[in-house]
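Please consult the sequence and the model shown here.

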Amino acid sequence: MSKNLIEVENLSIGYYNKGGKLVHVLKNVSLSIKPGETLGLVGESGCGKSTLGQAMMGYLRLGSQVMEGSILFSGKDMFGLSTRDLESIRGNKIALIPQNAGEALTPTMRVGKQIIETLELKTNVSGAATKNRMIELLGQVRLPHPEVMAERYPHELSGGQQQRVVVAMALAGQPDMLVLDEPTTGLDVTTQAHILELLRDIVAELGTAMMYISHDLGVIARVSDRVALMYAGEIVEDASAAEIFKSPAHPYARGLLASIPRLELAGIPNSMPGQPPIPGSLPGCSFTPRCPFATEICSSEPPELKMILQTPHLVRCHNWEKVVATDFSQELKDVYHIVEHKAQDVSAIELSDVEITYHQPNMIDRLRRTPEPPATVSDITLDIKRGETLALVGESGSGKSTIVRTISGLLPAKSGVIQFENCDLTVNVDKRTMDLCKKVQLIFQNPDASLNPRHTVAEIIDQPLKLYFPKMTRDERRARQIELLERVRLDGRYRLRYPGQMSGGEKQRVAIARAFAAEPDVVLCDEVTSALDVSVQAAVLDLLADLQQERNTTYIFIAHDLAVVRAIADRVAVLYQGRLCEVGTVDEIYSPPYHPYTETLMGAVLVPDPDTEPKLLASDTPELAPPAKGCAFQRRCPKFINDLCDEVTPPWQYPQDEDGHKIRCHIPINELLVV
Amino acid sequence: MIVLIARRFILALITLLLISIIIFLGVEALPGDAADAYLGQSATPESLRALREEFGLDTPAHQRYLNWLGDMLKGDLGDSMARRKPVSEVIGNQFRNTVVLAAAAAIVGIPLAIVLGVFAGLTRDKWPDILVSLVAILGMTLPGFVTATVLIYVFSIRLEWFPAIAMVPTDAPVIEILPNIFLPIITLTFIMVAHILRLVRTNMIEVLVSNYVQMARLKGVPAMRIVFLHALPNAMLPSINVIALTLAWLLGGVAIIETVFNYPGIGKLLINAIGDRDLALVQGIAIILAGIYIGVNLIADLLALVLNPRLRTSRGH
């Protein structure tokens, strides 16, 4: 057994709150990573993952302190080192790849310069060699045209390119270990899959150890040799990736795995009730209130992290034997419940030839008669039935949000018609009647941004009630608020809370209640679950499905997670660069024949199973504008035929009949069937 | 980029034109006119009419404005009625003197303000920051003439280091002016530093908690290098416009200071011109000050454009 590169020994980190009380963030955490090994660190938000990652680099957030324990990196105590010693270890022996590379790069410095900085400070490379090495690094992270990229400022790169620059920056110091804090969260599935493959290759080649922090079990399954599961500041399970995904021994691991929507399974999974407590606030096991296996001892006695079976598998649970004895794979299949759909054969919203553009020609353009660039969204024809859920799917820049913005009246369409109950929705919201506004409601991705932090829940829900039901008395509105909160499964007492006093899932429920307060016919959901933990996501999906049934509401659902779409949608429209590629029912979309773009998206999905590899069909090169003619996907298509794709807009092809599944591609259906 | 600069430039010209109208109307609205002021007690209806005819005050207002505007475009600011000389000639040296004073204050004050601001930001809520901020608030809140008076009391009456007044001949060479204007420079610096310092401090604090500074720290970049290469450039961007405003204020707002120190600058000239109802002179000075104000702001906008890569390349939808 080789020596450990880093050893976290019984580490507790905490801070004193305003009342002078000690609040734990990490509690008695012990783990180790060997040279070249990749440890995945998983858990819900607020479990202390990032704190542990930063602590490994000898960094504590302002106000936090080490209560006990230590971190030994190559035998050195990270919290006993001088500032100068820490500065020399960071970037050189241990490097960070942060979440949101766009914010982690200094905006006033060219990206090449930022890599050179690391090279100058952390390596022996000097003089002209520095620049060559920098270009080499940018090439190594597979950035096209490294010389050009090096001269750019961070904001001139796409999210995926920024993330690659940060990877190159971390590799520049040739560290022995990388700490990766959610490095692909917020990126497109395709970009994420490419970056993960890149990381895997580099690590295999250079023998770098990694600690990979993520809330996404699919990502963890793809990169990790070993997985540590964190709950409320403690490690609750630590085992090989294969073991933790195939036969998890902690009820929390089971709960998390069971709450993930699966690409290959229709239906919504069970959600895990509750949320993590403050570390160390419960006398017994922190997971007891949410645990289906809990017994009496669990609420009084904290369990030890102990070795089970022969393999190195650590679990912190009193009842692990009972957990292991329950067949997990069967349990997993049982938890998915299919949503009953009852879409009517009446159109709710009909989009015909809708074209939307952000381009506003200025004076010079008009004088020079510059030809207009291709519209951001073009040629969208969709018929959405009453009571149906239509999902819009595609990478960032595919025009999903643009279409929803237009339907909601935030952005006028350039041409085309959006028919809704004898009204045309292509006009802005200020030109719509109050009744029309009431019928179309929008729920945003991030409840932190969409709920006013200075309003109580009652005030938030009161707004649409006052606006759309002016005849309601105060008491009636009050009764309605409570009724709405109960419909989103929140206690009436939440009326007096502020958004800051609620968890992410609860806030999103309030946002949903606000939308439903208007008694809408159509609800536009823009990535409503992507800011939530998996454990909460399933509950929100469930809630949306139930609310839909009550009033036969129509949903237009934007999501980048294809498994979530599969769980909730009736029909799916796949978009690329603002053009439709494929439209069909969920079953039609999730099985061949695929549009090459749909196939690319499906291939890039990471499933929580270490044995499944993603299929990377097309590059993840971002495109800034749709092509002037031909197929929108021509530049990245893995099945590109010839000039035909470049020149001619592909025809719609119908695998069955003209009302159903349709694919916009030059390749014949029978060839598309071959995956 | 070029379109952007051109648009800013055109906007600046339009602003200047509007200001010239406002100045003209403002002066028109004053009770009495140059002839009244010039003749004073000895005015008779006949002499007034004669003088008004001579000054061209009997033509309608809009025509006088257009004449003035036309002359101005040719570089002729008209004649000072009270001083019986072309306005440009009256302004000439006094303007130079103000520029010397303001430039000296700026050269001392701006770097000082930035250094102190960074220092205060780095030692946030510790005693160096509290001390610097306290002095800055004093500078901001005390009226200029109070600051000037206190400084005169301390430095020239008590310590006898500097002369209390800056009486120099209007056309003295710069070398001879400088030794006499230490106190006005210190007064202006004291007032000016406060505004810039507070802003630099706030921006610095904001930038220091940003993700990229944290990243630089975790990348193992030495602390001083982080401050100067990663934090300062980003903290300076929002400060540029305030520095420009302060500069413009320096040129226009020194009137009181110049009066206190009896310094022959454009500010003092303006106050005298208002007293004399010397309309052409007031208009001339006002339009020059407005021009500088707009010009400095234009330069600041362009500078911000050059220094901020985000503004320079807009990557639209």
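A salt bridge is a side-chain nitrogen of Lys or Arg within 4 Å of a carboxyl oxygen of Asp or Glu. By that criterion, the structure holds 34 salt bridges over all chains. This is a predicted model, in which local features need pLDDT of at least 70, side-chain atom pairs count only at pLDDT 80 or more, and totals for chains, interfaces and linings use all residues. Residues are numbered from 1 along each chain as its sequence is written, chains are lettered from A in the order in which they are written, and side-chain values use heavy atoms, without hydrogens and water.

**Within chain A**

- Arg133(A) and Glu136(A) form a salt bridge, with 3.1 Å between the closest N and O atoms.
- Both residues, Glu136(A) and Arg133(A), belong to helix α5 (residues 128-140) of chain A and are three residues apart, about one turn of the helix; helices are DSSP runs (H or I, at least four residues), numbered from the N terminus.
- Arg133(A) has a relative accessible area of 17% and is therefore buried (under 20%; exposed is over 50%, partly exposed in between, with a 1.4 Å probe and protein chains only).
- A network of salt bridges links Glu37(A), Arg226(A) and Asp238(A).

**Between chains A and B**

- Glu117(A) forms a salt bridge with Arg225(B), at 2.7 Å from N to O.
- This pair runs from helix α4 of chain A, which holds Glu117(A), to helix α11 of chain B, which holds Arg225(B).
- Glu117(A) counts as buried because its relative accessibility is 0%, whereas Arg225(B), at 23%, is partly exposed.
- Glu117(A) also forms a salt bridge with Lys219(B), at 3.1 Å from N to O.

Note on methods:
Helix = DSSP H or I, 4+ residues; strand = E, 2+ residues; numbered from the N terminus.
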